[in-house]
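We will walk through it stop by stop, picking residues and looking around each one.

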Amino acid sequence: MASGTASTSLPLETYDRVDIPLIDTHIHLDSYSLADQESIASALAMGNVQYIITVSMNLPSCKRNLELSRIYGDSIKPAFGYHPEQPLPSPDETEELLRWMENHVQDMVAVGEVGLPYYARLEAESAGHSWDNAPYIELLERFVAFAKKHDKPIILHAVYEDADTACDLLEAYGIARAHFHWFKGSRDTLDRMAASGYHISFTPDILYEEEIRDIARMYPPQLVMTETDGPWPFEGPLQGQTTRPEMTALAAAAWAELQGISEQEARRQLYRNAARLYGL
């Protein structure tokens, strides 16, 4: 997830060519500017986006996402957690976050975004620094246990070999409803995830990233969803545009083409998958 936004966007009708609703299953709405938060939330119906799941970075992020759901209503579904690609919280901060989540469990659609710091670890190791992943795994286990206790879906930032570690924890706790967002990894790991019924989601980079397109061809259609991970900016035909939830229409259209099905059929499937996972 990136903190900045691009400066332009296309008209909503550029994206929405099919009258079947969309769900953006992973966006950081609180990370946009206040003006963009209002613009995005106010334009969801016009863009035929029925729901967005806004994931959290830390406790202040959780609080803001809850506030946004109360300001803008039922279309905004907050998820609460701690993003792994940042320094670990202190023990006191972890306990404060989990207590707050306990107190707001009825307000959250899922636990997330949580996971393991693949990119931070890679950067540290590339620079010759030592890295201890054990505390991050311990923190992830706390969130997995929370999801199990409260029967909530869990939204995971876990790619490549980190996904196998996450799967170990999910299996140990008997978690069935897991969402690996913007996943990248091996065929063996994908097969393991699919066998467990775990969901993945595709961003608009499915338009131009061959690694993602290959995954989209092979993963079971009943376990696939769309997301933007906004405000992360995209390349290719979306270069320089502000990432918005209606861009999920482009991901859906690209997935339809890779599956050899109509956009209508694809969007019905993608909507059903997300609605089932998140109880929408």
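Select Gln 86 to begin: its side chain comes to 2.7 Å from the backbone oxygen of Met 57, a polar contact (a pair of N or O atoms within 3.5 Å; within protein, one must be able to donate a hydrogen and the other to accept it, and residues adjacent in sequence count only if both atoms are side-chain atoms). A word on what you are viewing: this is a predicted model, in which local features need pLDDT of at least 70 and side-chain atom pairs count only at pLDDT 80 or more, while totals for chains, interfaces and linings use all residues. Residues are numbered from 1 along each chain as its sequence is written, and side-chain values use heavy atoms, with hydrogens and water left out.

Stay with Gln 86, which lies in the loop between strand E3 (76–80) and helix H3 (91–103). Helices (H or I, at least four residues) and strands (E, at least two) are DSSP runs, numbered from the N terminus. Gln 86 counts as buried because its relative accessibility is 18%; buried means under 20% relative accessible area, exposed over 50%, and partly exposed in between (1.4 Å probe, protein chains only). Now show its surroundings: leaving aside neighbours within four places in sequence, Gln 86 is in contact with Met 57, Asn 58 and Tyr 136, where contact means heavy atoms within 4.5 Å.

Next, colour the strands. They include an open sheet of eight, in the order E1-E2-E3-E4-E5-E6-E7-E8, with parallel pairing; two strands pair if DSSP finds at least two bridges between them. At the edges are strand E1 (22–27) and strand E8 (224–226), each pairing on one side only.

Zoom in on E7 (residues 199–202), which runs parallel to E6 (residues 178–181) and is joined to E6 by three bridges. Phe 180 stands opposite Ile 200 in E7. E7 also pairs with E8 in the parallel sense, again over three bridges, and Val 224 in E8 is the bridge partner of Ile 200.

Which residues of E7 are buried on each side? His 199 and Ser 201 are on one side, Ile 200 and Phe 202 on the other, and all are buried, with both faces covered. In a regular strand the side chains alternate between the two faces of the sheet.

Trace the chain from E6 through helix H7 (residues 187–195) to E7, and you have followed a right-handed β-α-β unit. Right-handed means that, with the strands pointing away from the viewer, the path from the first strand over the helix to the second runs clockwise.

Within helix H7, select Thr 189. Thr 189 counts as buried because its relative accessibility is 3%. Its side chain makes a polar contact of 3.0 Å with that of Ser 186. Leaving aside neighbours within four places in sequence, Thr 189 touches Ala 163, Asp 164 and Phe 183.

Finish at helix H4 (residues 118–126), where the buried residues are Tyr 118, Arg 121 and Ala 124. These residues lie on the same side of H4 because they cover an arc of only 135° around the axis, taken from the directions from the helix axis to the C-beta atoms. Helix H6 (161–173) is part of what covers them. Turn to the other side of H4 to find Glu 123 and Ser 126, which are exposed. Just after H4, select Gly 128, which has a positive phi of about 85°.
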